[in-house]
Amino acid sequence: MAKLALSDEILMQIEKPARYIGNELNSIVKDKNTIDIRVAMVFPDVYDIGMSHLGIQILYDMFNRREDTWCERVYSPWPDLHAIMKEKKIPLFGLESQEPIKNFDFIAMTLQYEMCYTNVLQILDLAQTPLLASERGEDDPIVIGGGPCTYNPEPIADFFDFFYIGEGETQYDALFDMYKQMKNDGASRKEILHAIAKIEGMYVPSLYEVSYKEDGTIAAFTPKYEDIPKTIKKQIVMDLTTSVYPEKPIVPFIKVTQDRVVLEIQRGCIRGCRFCQAGMIYRPNREKDVERLKDLAYKMLKSTGHEEISLSSLSSSDYSQLEELVTFLIDEFHGKGVNISLPSLRIDAFSLDVMGKVQDIKKSSLTFAPEAGSQRLRDVINKGLTKEVILNGAGQAFEGGWNKVKLYFMLGLPTETEEDMKAIPELANDIAALYYETVPKEQRNGKCQITISTSFFVPKPFTPFQWAGMQTPDEYLRRAKIVNDTVKAQLNHKSIRYNWHEADVTVLEGVLARGDRRLSKAILYVYEHGGFFDAWSEFFDYSKWIEAFEACGIDTDFYTMRNRPDDEIFPWDFIDAGVTKEFMLREWHNAQNEKVTPNCRMRCSGCGAKQFNGGVCFEGQN
Amino acid sequence: MKVRIKFRKYGVMKFIGHLDMMRYFQKAMRRADIDICYSEGFSPHQIMSFAAPLGVGITSDGEYLDIEVHSSKSSKESMAALNQTMVPGVEISGYVRLPDSAKTAMSIVAAADYVLSYKEGYPVMHTRTEWEALLQEVFFEQPSFVIMKKTKKSEKEIDLKPLIYDLKVQGTEEQPEFYIKLSTGSTDNIKPELLLSSIYAAAGLEYDANAIQIHRNDVYAEEDGTFISLLDMGEEILNS
């Protein structure tokens, strides 16, 4: 057991000390004297959230398979501990060794959502590492960013030495080998970063220059040196079946959000919803073979002792061997004290049958994500879910004994009209009416309960909606009010509940998602004025952000309110995500024409992902 | 079949709270292939109960949980299987079969004994000899030792003397420590720091909870007027 970085006195006065002591089952402790490369793998949010993240577990496992590398975990200290660490100048430490990460070779952070950007700075600050990459010296760790937010890394470009664009499985080994060699040869930080920039998928922001037009849009984005690539190609692992996967995941002591075995069944999605970034950047869809998944299920349940197993992917119903896998899990593990937690599946006879086996029907609910209330708007966003399909699924479920339905929508989608907004409660009302028609009074288990949740749409890079403008916070709230008022006017309003998301956060997410390098100073300003944990509503302070944008002379409307012209150069255009800008533009126009594009299995739409030579693009073509 | 498991909890594991220890053991039972019984229903849970929850920050050589199993390997094999899958800081030290009529550990706990010592870097206040004299004066020579015990709802006066079964100073002259055996369980649950802090108060000393490491030695039930260790109420399983 390592000597803890925090004293008993500190640990006894903070919330959940187990967040900071390491020692969890399957965590990896090595003899540091045999190690060449030390990596801090950071999720810039609290332990309870970060420990649930699958990507980190995969990379932790992969890095620690190397004998010369020791990868440790770091999560954001909660504000109670943050204050103590600042006051007593305690440097941020890795959970496994309990040693300061400022002495490590790399600090690698996964960036899962924009609202964690101030927490990135908290990590660097507590680590006692300069916040700006330009101020780091030979003895400072190299700070890496990865994860979905790096598909537009520009707003946080000043804080990172480099970004790894794409899936981590492919390039880290080569990168570490090269680093070790160069380090042994006495290469400088600058030389190492220059060499890293030449590895496919690695983006070193300091080696690129951006110039702007008078209207504030980008004129040119160019490498500073001739040997530095102009575009950065997304990295992707083509054979998911044989690729590395943690067979012995870490088992936390405290309850975390994913307190279970997680089986990743596929990556990517065949659907092509026009608002969805994950659906584009993880293309092409690639499946993990069902036999490998069965083997993993055994091994992971055995090595962790978890009482629950769940499946992870986008649109799980599209996994071609789902029925075989779910049937196997139920037959093999259900009734042996292991719960099978199903992802939200398309509601049909099969899913209702398995749900009935593994859930308490009286307590569980059906989930539909129509995303838009009207068929017109669903065509705009290319969500191929029709009212008939929803009502048919709900009807079958009601007959099967369910009476709770959750419906997820977005407000503020491009082209949205008042009719589209009103269609949301109308759909909920129709579902409620169907319940009362379908289920005779004597068989009802009380009223049916329909919960509508709406979030406000944020256009993301690498989606067909990357050109779309947003609305003001007041306008978002006005739209939520229309929905709310319409809910109250419905015949079955007593069976319908409505929740909506906060509007201020939405606008800020919009700024950070599609912003450029000039935003870094505003993020720095917010952190330096005490703002962090913005993903937590109890800590989020919108006024700090407004103050920061004013102080830095940033007009946020430039990033959010404009419908961007077709030919605008975006801050993220230098990334080649496989899916081409031409395809996305075509889809943006299709959206305006309310024209649906079929999914990848129905017909190839030529998005560009075929260049990766595998996955769904080549299905049935051996 | 009822089984009682004894374990040690030490090192950094003292920061893991009672509920998290329960979750830890539920998973450990599966990893070690203990043939534990589950309740009925949609979310079956293991038949498992703990003796006397240990507070965060306290280490122990005598923690207990009772489980029900369909079948069991020998005590030796079961302990080995469990210890194979423990984290540093938790060690299984006993695994015995209880009579079918046995009550749960939780319901029969009557006493526990503790060693309270000074953590590194904190002043010990007095030498061992001085402490012995102090205890005589403020505790043993008094007819009663009345303190105010705070409960969730109210405060009440309580005489600790009949609830303290043993109290002595041990350790070296320079590094003294306190041995305390006292009433524990559902009726008169007295925490050792309550006694020590009350003694400090009676001696006019300022009590600093951060200075003291509390360690539990063992937990006892009462049988015919004597205390017996919870482990001694079961029998070793010899054959699978």
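This is a predicted model: local features need pLDDT of at least 70, side-chain atom pairs count only at pLDDT 80 or more; totals for chains, interfaces and linings use all residues.
Two residues are in contact here if their C-beta atoms, placed from the backbone, lie within 7 Å, and I begin with that because the next number rests on it.

Taken along the principal axes, the C-alpha atoms of chain B fill a box of roughly 55 × 35 × 35 Å, and 29% of the 240 residues of chain B count as buried.

Now to how chain B is divided. The domain assignment gives domain 1, residues 2-106, and domain 2, residues 123-207, and the C-alpha centres of these two domains of chain B lie 31 Å apart. There is also a record to mention: in an unreviewed entry, UniProt carries the annotation "domain: DUF2344" for residues 2-192 of chain B. That span is 22% helix and 35% strand, and its end C-alpha atoms lie 30 Å apart.

In helix α2, residues 75-84 of chain B, the buried residues are B:S75, B:S78, B:M79 and B:L82. They cover an arc of only 100° around the axis, which puts them on the same side of α2(B). As a general point, an α-helix has 3.6 residues a turn, so residues three or four places apart point the same way. What do the buried residues of α2(B) pack against? Their partners are α1 (18-31), β4 (90-98) and β12 (235-236), which belong to chain B.

The other helix is α4 of chain B, residues 128-140, where B:Q136 lies. Is B:Q136 buried or exposed? A residue counts as exposed if 12 or fewer other C-beta atoms lie within 10 Å of its own, and B:Q136 counts as exposed because it has 11 C-beta neighbours inside 10 Å. The C-alpha atoms of B:Q136 and B:K168 are separated by 9.9 Å, and these two residues are 32 residues apart along the chain.

Let me turn to where the two chains meet. On the chain B side, 22 residues are in contact with 24 residues of chain A, and by class the side of chain B that touches chain A has ten nonpolar, seven polar and five charged residues.

Finally, chain A itself. Its domain assignment gives domain 1 (8-233), domain 2 (239-359 + 578-622) and domain 3 (360-501). The centres of domain 2 and domain 3 of chain A, taken over C-alpha atoms, are separated by 24 Å, and 26 residues of domain 2 of chain A are in contact with 28 residues of domain 3 of chain A. Which helix gives the most to the side of domain 2 of chain A that touches domain 3 of chain A? It is α20(A), with five residues, and by class that side of domain 2 of chain A has 14 nonpolar, eight polar and four charged residues. From the UniProt record, again an unreviewed entry, "domain: Radical SAM core" is listed for residues 255-502 of chain A, a span that is 40% helix and 17% strand.

Technical notes: Residues are numbered from 1 along each chain as its sequence is written. Chains are lettered from A and ligands numbered from 1 in the order in which they are written. A residue is buried if 20 or more other C-beta atoms lie within 10 Å of its own, exposed if 12 or fewer, and partly exposed in between; C-beta atoms are placed from the backbone. UniProt positions are given in the numbering used here, feature names are shortened, and annotations may be inferred rather than shown by experiment. Helices (H or I, at least four residues) and strands (E, at least two) are DSSP runs, numbered from the N terminus. Ala, Val, Leu, Ile, Met, Phe, Trp, Tyr, Cys and Pro count as nonpolar, Asp, Glu, Lys and Arg as charged, and the others, Gly among them, as polar. Domain bounds come from an automatic or database domain assignment. The arc is that of the directions from the helix axis to the C-beta atoms.
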